[in-house]
Amino acid sequence: MQRSRQPVSVSKNIQRIAVLTSGGDAPGMNAALRAVVLAADHYGIEVIAFRHGYQGLLDNEYTLMQPKDVQHVLQYSGTIIKSARCHRFKEDSAAVEAAANLNALALDALIIIGGDGSFRGAEHLANHWQGQIIGVPGTIDNDLYGTDATIGYATAVTIAMDALDKIRDTADAMDRVFIVEVMGRHAGFIGLGSAMAAGAERMILPELQKDKPLTISALVKHIHRVQEIRGEGSYVMVLSEHQWPGGAVALAEQLDAEYDLPCRPCLLGHIQRGGAPAPADRILASELGVHAVELILQGKHRVMAGMRANQCVDVPLRDTWEKKNPLAANLLRIQHEIFNPVKKNPRRNTQ
Ligand SMILES: Nc1ncnc2c1ncn2[C@@H]1O[C@H](COP(=O)(O)OP(=O)(O)O)[C@@H](O)[C@H]1O
Ligand SMILES: O=P(O)(O)OC[C@H]1O[C@](O)(COP(=O)(O)O)[C@@H](O)[C@@H]1O
């Protein structure tokens, strides 16, 4: 993959920066951290890491990070500097406290690796702290505007696809209906990506539910129609979390009890955040980690380091959650109309 890059024009004298990982851990966060530390070392900048996200910033829990500390970490998921969800950080008093801690350490800038919540926290902090703040998109959900992909998304889709492939083996052997529940918070990227990659017969995604919520009778009709067209075989559906009351287990029970349709649920849960990060996540994280340091050297502030059409970009932090990345319309069309048609091919009908 070729990335066209401009040489970095350094406009600021930066001596010391900090980094933290926040919110749900995402595969590739370690690779991003490594890239930040190695790039900073390259430019002669000292790096400290706050442990446990914003909680560590409030507790002054930090450690000096040197290249030796990030050797051989990019192949592991999780985050060696720990992450956390810190509800107190939403309070004004917390941002004031955090700003005082950052000032006491004479920091020029802070890099926050996380999702939209972490970036809201970054903006909140920026109202109280004068240093530069740069976000790096780290979440499996891929729900941030301004970057074609977030760090962790490729791994999560790969894991979900692998699981769907395995479910397919047993579903096919017994001509069964399966519901596989995937993560994504309120976004259907993991659902769409894994359904497409594994050839699922149905996707229940937040974006599709918004205008036309799925009814169980419509779902049963679809299952019967697909079975009728295809003859014997399996039917595998991908359900995004929070899209059915009680989730996959409740939906499977309902199909069985109310429609005599034996169905098995499978919840992938946090499995989607573990294991070895996919190459795409390691590479994206490495590039964006370096980009974040270079944005600091260019004097940028309140932006996210993103990747658009193979170009490193910077996007105002606020845009990352206020604007929306839509699901790829063409993938939705293909998955719905071509791969899983419930009507006969119109051309065939006319012959
Ligand atoms: N509106 C907000 N104001 C201040 N801090 C916030 C806000 N929203 C989230 N945060 C901080 O960011 C952390 C991570 O956000 P969360 O939504 O849990 O994960 P993610 O960053 O992956 O979306 C929260 O635990 C909290 O500390
Ligand atoms: O790990 P937790 O706290 O149970 O949260 C689960 C949520 O975290 C995620 O895995 C990642 O979300 P964030 O990156 O926004 O934190 C979501 O897909 C899921 O809804």
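Analyst: Before we start, angles run from 0 to 180 degrees between N-to-C directions, and residues are in contact if their C-beta atoms, placed from the backbone, lie within 7 Å. With that in hand, welcome to this predicted model! Helix H5 lies across strands E6, E8 (235–240) and E9, and runs at about 165° to E6. Helix H6 lies across E6, E7 and E8, at about 160° to E8.

User: What is the order of the strands in the open sheet of four?

Analyst: The order is E7-E8-E6-E9, and the pairing is parallel. From one strand to the next, the twist averages 20°.

User: What makes strand E7 (202–204) and strand E9 (263–267) stand at the edges?

Analyst: Each of E7 and E9 has a single partner strand, so one side of each is left without a neighbour in the sheet.

User: Why is H5 called oblique to H6?

Analyst: Helix H5 (residues 153–173) and helix H6 (residues 189–198) pack at an angle of about 45°, and their axes are 8 Å apart. That angle makes H5 oblique to H6, because angles under 35 degrees would count as roughly parallel and those from 65 to 115 as roughly perpendicular. The crossing of H5 and H6 is right-handed.

User: Which residues in H5 meet H6?

Analyst: On the H5 side they are Tyr-153, Ala-156, Val-157, Ala-160, Met-161, Leu-164, Asp-165 and Arg-168; on the H6 side, Phe-189, Ile-190, Gly-193, Ser-194, Ala-197 and Ala-198. The contact of H5 with H6 comprises ten nonpolar, two polar and two charged residues.

User: Which strands stand at the edges of the open sheet of seven?

Analyst: The order in this sheet is E3-E2-E1-E4-E5-E10-E11, with mixed pairing. Strand E3 (62–65) and strand E11 (311–316) stand at the edges: each has a single partner strand, so one side of each is left without a neighbour in the sheet. The twist averages 30° from one strand to the next.

User: How do you know that E2 and E3 pair?

Analyst: Strand E2 (residues 46–50) and E3 have four bridges in the antiparallel sense, and at least two are needed for a pair. In one of these bridges, Phe-50 has Tyr-62 in E3 as its partner.

User: Which strands does helix H1 touch as it packs on the sheet?

Analyst: Helix H1 (residues 29–42) touches strand E1 (16–21), E2, E3, strand E4 (109–114) and strand E5 (132–137), and its direction makes about 175° with that of E1. Helix H10 (residues 279–297) lies across E1, E4, E5, strand E10 (303–308) and E11, running at about 135° to E10.

User: At what angle do H1 and H10 pack?

Analyst: The angle is about 40°, with the axes of H1 and H10 7 Å apart. The crossing of H1 and H10 is right-handed. Residues that meet there include Ala-31 and Leu-33 in H1, and Ala-285 and Leu-288 in H10. The contact of H1 with H10 divides into twelve nonpolar, two polar and two charged residues.

User: How many residues surround ligand 1?

Analyst: There are 17, and the closest are Gly-23, Gly-115, Gly-117, Ser-118 and Gly-121. Helix H4 (residues 116–126) gives the most to this shell, with six residues.

User: How do the residues of the shell around ligand 1 divide into nonpolar, polar and charged?

Analyst: Three are nonpolar, ten polar and four charged. Gly counts as polar here, so Gly-23 and Gly-115 of the shell fall in that class.

Methods:
Residues are numbered from 1 along each chain as its sequence is written. Chains are lettered from A and ligands numbered from 1 in the order in which they are written. This is a predicted model: local features need pLDDT of at least 70, side-chain atom pairs count only at pLDDT 80 or more; totals for chains, interfaces and linings use all residues. A residue is near a molecule or strand if its C-beta atom, placed from the backbone, lies within 6 Å of it. Helices (H or I, at least four residues) and strands (E, at least two) are DSSP runs, numbered from the N terminus. Angles under 35 degrees count as roughly parallel, over 145 as roughly antiparallel, 65 to 115 as roughly perpendicular and the rest as oblique. A crossing is left-handed if the near helix is turned anticlockwise from the far one by less than a right angle, and right-handed if clockwise. Two residues are in contact if their C-beta atoms, placed from the backbone, lie within 7 Å.
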